[in-house]
Amino acid sequence: MASAMLCKVCGDRSSGKHYGSICCDGCSCFFKRSIRKRAFYTCISGQGGCSVDKARRNWCPFCRLQKCFLVGMNAAAVQEERGPRITESIPTQILVQVLAACIRQARANESFASFSREQQNKILQHVWFECFILRVANWSIDISSIVERCADEQLRTIVQHTKELQVDLIELSLLETMILCRKASAASSISGTSCTALSSSSLLPFSCYRLGRLLLGLRGLSMHCYESSVRAMFHGVTGDGLMEHFIIKL
């Protein structure tokens, strides 16, 4: 079978183009249903990048929808067909789902999970945008084109700088722990332990240099101008409501 007639989303047999990309009937219906219902999905792994193929396409609707967009499926084509009017941009909807996955991933952090839900909410109200930038820059699939379309110049710059740190999964987890725990006085020892572990985790010959670079990158994330940029990016979703209310619900 010619590769041109395989679904670009899951690899199943395709009957042709649907909504701007070659895909199977199953992925076409899934995409149409998701857009019309303005479905809000969460990645089952909390990190994105789940395998989407013929056998596993129904496992994670979040990653399946992301892949639909990545292969060029067009939500406007669904709207023009006869669906409800879509007010906010599709890229922003994707980033909202990424944000939800980031918050849930933070709550699942081993050290952070030891806090009460109330304590978690108070901390996340201060650091949610740092966790978001850190995760977006290190998302398991490349979403830089989506960030490019939605973010302002200074937010695009900090995402790119964070991406250039090229952190591995261990460093990513430890940096996230430091972000989450530094705001809680009772968790200062956790943050210190994470810093020590971060230094030890580096396999580079100049581990002190590596640690310093990572800590400088971490400090850069906390600048309030970036919080304003992220809030502005999501304003079409939250409106005049507080982002904190959105976070508490997750």
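Student: Tyr19 first: buried or exposed?
Tutor: Tyr19 counts as buried, because its relative accessibility is 12%, and the cut-off for buried is under 20%. Keep in mind that this is a predicted model.

Student: Where is Tyr19 found?
Tutor: In the loop between strand E1 (17-18) and strand E2 (21-22).

Student: And what about the phi of Tyr19?
Tutor: Tyr19 has a positive phi, about 55 degrees, although it is not a glycine.

Student: Which aromatic cluster is Tyr19 in?
Tutor: Tyr19 forms one aromatic cluster with Phe31 and Phe69. Phe69 is also among the buried residues of H2.

Student: OK, H2 then. Why call H2 largely enclosed?
Tutor: Because 7 of the 10 residues of helix H2 (residues 61-70) are buried, the rest of the structure largely encloses it.

Student: Which ones are buried in H2?
Tutor: Phe62, Cys63, Arg64, Leu65, Gln66, Cys68 and Phe69.

Student: Arg64 is on that list. Which ring does Arg64 lie over?
Tutor: Arg64 lies over the face of Phe30, with 4.5 Å to the ring centre.

Student: What comes just after H2?
Tutor: Gly72, which takes a positive phi of about 100 degrees.

Student: Back to rings. How many aromatic pairs does the structure hold?
Tutor: The structure holds 6 aromatic pairs. One of them is Phe112 with Phe115, an edge-to-face pair at 5.6 Å centre to centre, with 85 degrees between the planes.

Student: Are Phe112 and Phe115 buried or exposed?
Tutor: Phe112 is buried, with a relative accessible area of 0%. Phe115 counts as buried too, at 13% relative accessibility.

Student: What is the geometry of the pair of Trp128 and Phe129?
Tutor: Trp128 and Phe129 are edge-to-face as well, at 6.1 Å centre to centre and 80 degrees between the planes. Trp128 is buried, and Phe129 is buried too.

Student: Zoom out. How many helices and strands in the protein chain?
Tutor: The protein chain has 13 helices and 2 strands.

Student: What share of the chain is buried?
Tutor: Buried residues account for 49% of the 250 residues in the protein chain.

Student: What about contacts between residues at least 6 apart in sequence?
Tutor: In the protein chain, 67% of those contacts join residues at least 24 apart.

Student: Switching to H8. What is its length?
Tutor: Helix H8 (residues 169-181) has 13 residues and spans 18 Å from its first C-alpha to its last, close to the 18 Å expected at 1.5 Å a residue.

Student: Is H8 mostly covered, or mostly uncovered?
Tutor: Mostly covered, with 10 of its 13 residues buried.

Student: Which residue contacts the backbone at the start of H8?
Tutor: Asp168: one of its side-chain oxygens comes to within 3.1 Å of the backbone nitrogen of Ile170.

Student: What does Gln105 touch, apart from its neighbours within four places in sequence?
Tutor: Gln105 is in contact with Ser45, Gly46, Gln47, Arg135 and Glu176.

Student: Where is Gln105, and is it buried or exposed?
Tutor: Gln105 is in helix H4 (residues 90-107). Gln105 counts as buried because its relative accessibility is 16%.

Student: What lies in the loop between H7 and H8?
Tutor: Gln166 lies there. Gln166 has a positive phi of about 55 degrees and is not a glycine. Gln166 is exposed, with a relative accessible area of 66%.

Student: And Thr162, which helix is that in?
Tutor: Thr162 is in helix H7 (residues 153-163). Thr162 is buried, at a relative accessible area of 4%.

Student: What does the side chain of Thr162 reach?
Tutor: The side chain of Thr162 reaches the backbone oxygen of Ile158 at 2.7 Å.

Student: And contacts beyond its neighbours within four places in sequence?
Tutor: Thr162 is in contact with Ile133, Leu134, Ala137, Asn138 and Leu221. Thr162 and Asn138 are 24 residues apart in sequence, and their C-alpha atoms are 8.0 Å apart in space.

Technical notes
Residues are numbered from 1 along each chain as its sequence is written. This is a predicted model: local features need pLDDT of at least 70, side-chain atom pairs count only at pLDDT 80 or more; totals for chains, interfaces and linings use all residues. Side-chain values use heavy atoms; hydrogens and water are left out. Helices (H or I, at least four residues) and strands (E, at least two) are DSSP runs, numbered from the N terminus. The expected span of a helix is 1.5 Å times one less than its number of residues. Buried means under 20% relative accessible area, exposed over 50%, partly exposed in between (1.4 Å probe, protein chains only). A polar contact is a pair of N or O atoms within 3.5 Å; within protein, one must be able to donate a hydrogen and the other to accept it, and residues adjacent in sequence count only if both atoms are side-chain atoms. Contact means heavy atoms within 4.5 Å. Rings of Phe, Tyr and Trp (its six-membered ring) pair if their centres lie within 6.5 Å; planes under 30 degrees apart count as stacked, over 60 as edge-to-face and the rest as tilted. A charge sits over a ring if NZ of Lys or CZ of Arg is within 6 Å of the ring centre and within 35 degrees of the ring normal.
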